[in-house]
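Hi,

Here is the structure I promised to pass on. Have a look at it first, and my notes follow below.

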Amino acid sequence: MMNSDVLNDLEIPTLEEIHATRARIDPYIFRTPVWRWQSKALEEALGPDTDVWLKLELFQRTGTFKARGAVNDILQLDSAAMERGVTAVSAGNHAIAVAYAAQLFGIGAKVVMPSSAPQFRVEKSRSYGAEVVLVGDVYEGFAEVERIQQEEGRAFVHPFDSRTIVTGQATVGLEVCEDAPPLDMLIVPVGGGGLSAGIGSAVKQIQPDCAVFGVEPEGADTMHRSLASGKLESIERVETIATSLGAPATQAYSFGLCRHFLDDSALVSDEEMLDGMRLLFHEMKLAVEPACAASTAALFGPLREQAKGKRVGLILCGSNIGVDTFVELIGQGD
């Protein structure tokens, strides 16, 4: 267990806080299953002594883990802020989650999304009652959401870099520790780092010997770069099919927690994520978005040797993908 000075310096969510958050958001989210993956393909690739457990967060309300943080954040708002409504910027999943949470509590949501966002996610955000503002790209999105805050007084629900968001996502790690056997390693997809920061905060306080690995796409490797340099990094352009993991820059809070809790990070290519999507579909009939396949891609790719003979957990983070897009993607290269 880490000392209290470190906890205070990093503002790490405490276990008491994470448990309280889980109780607070419980009426509005699912406790998603933890399931043991057993198959011939898995045994052939990783050996008979490797034990793999999946946290099926793709079954969460709104289709991703994002509902946890969004609900927790909005529950912290006072009545005046609730009346003014909320805003958010997102390539899709966070926008959907904020729209869902806003609808739950009867408040207005205006979400900013890049014009390249999948139409499936735009329509899903609208289906929860959000007003969607489309902009050129995610960089313009942050500028637009700042304007909305200033002109309309809406509360900004950050996609990954706030304590309420991180603590909401930490409940995923809490459930993994409670529902899976003790793990040797856990692989978590990384976009902005809110999920990995939260999961790391929970897991390392409960099972400090469990190695936590982050995994990013090669074309959106801001956290990997930041961990290597020891400072906040940004990229000029996001180039990956895993748009959910396409954060253009790291932010201080989530980076600080990831730097403290992640044992290492790995990069996977779009091709490896496509292979992961196909494998999850063929093995378990799970139709997942590319970001969700990142942890599987890392297990069968850059982290394969480290995982052999271990008890490994994979976070399967989301399934917000349209049928046509899914069929098009998994058909590539066949």
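Predicted model: local features only at pLDDT ≥ 70, side-chain atom pairs only at ≥ 80, totals over all residues.

Residues are numbered from 1 along each chain as its sequence is written, and side-chain values use heavy atoms, with hydrogens and water left out.

β3 and β4 run parallel, joined by 4 bridges; two strands count as paired if DSSP finds at least two bridges between them. Val 89 has Val 112 as its bridge partner in β4. On to β5 (residues 131–135): 5 bridges tie this strand to β4, again in parallel, and Val 112 sits opposite Val 133 there.

How many residues of β4 (residues 109–114) are buried? It's 6 of 6, where buried means under 20% relative accessible area, exposed over 50% and partly exposed in between (1.4 Å probe, protein chains only). In a regular strand, side chains alternate between the two faces of the sheet. Here both faces are covered, with Ala 109, Val 111 and Met 113 on one side and Lys 110, Val 112 and Pro 114 on the other.

Helix α4 (residues 66–75) has 9 of its 10 residues buried, so it is largely enclosed by the rest of the structure. Lys 66, Arg 68 and Asp 73 are among the buried ones. Its cover includes α2 (15–25), β2 (51–56) and α9 (163–179).

Now the domains, whose bounds come from an automatic or database domain assignment. Domain 1 takes 13–62 + 160–329, and domain 2 takes 65–154. Across the boundary, 35 residues of domain 1 are in contact (heavy atoms within 4.5 Å) with 25 residues of domain 2. The buried area there is about 2,500 Å², 57% of it from carbon and sulfur atoms; that is the accessible area (1.4 Å probe) the two parts lose on being put together, summed over both. Tyr 28, Thr 62 and Asn 320 supply 28% of what domain 1 buries against domain 2, more than any other three residues.

Cheers

Key:
Helix = DSSP H or I, 4+ residues; strand = E, 2+ residues; numbered from the N terminus.
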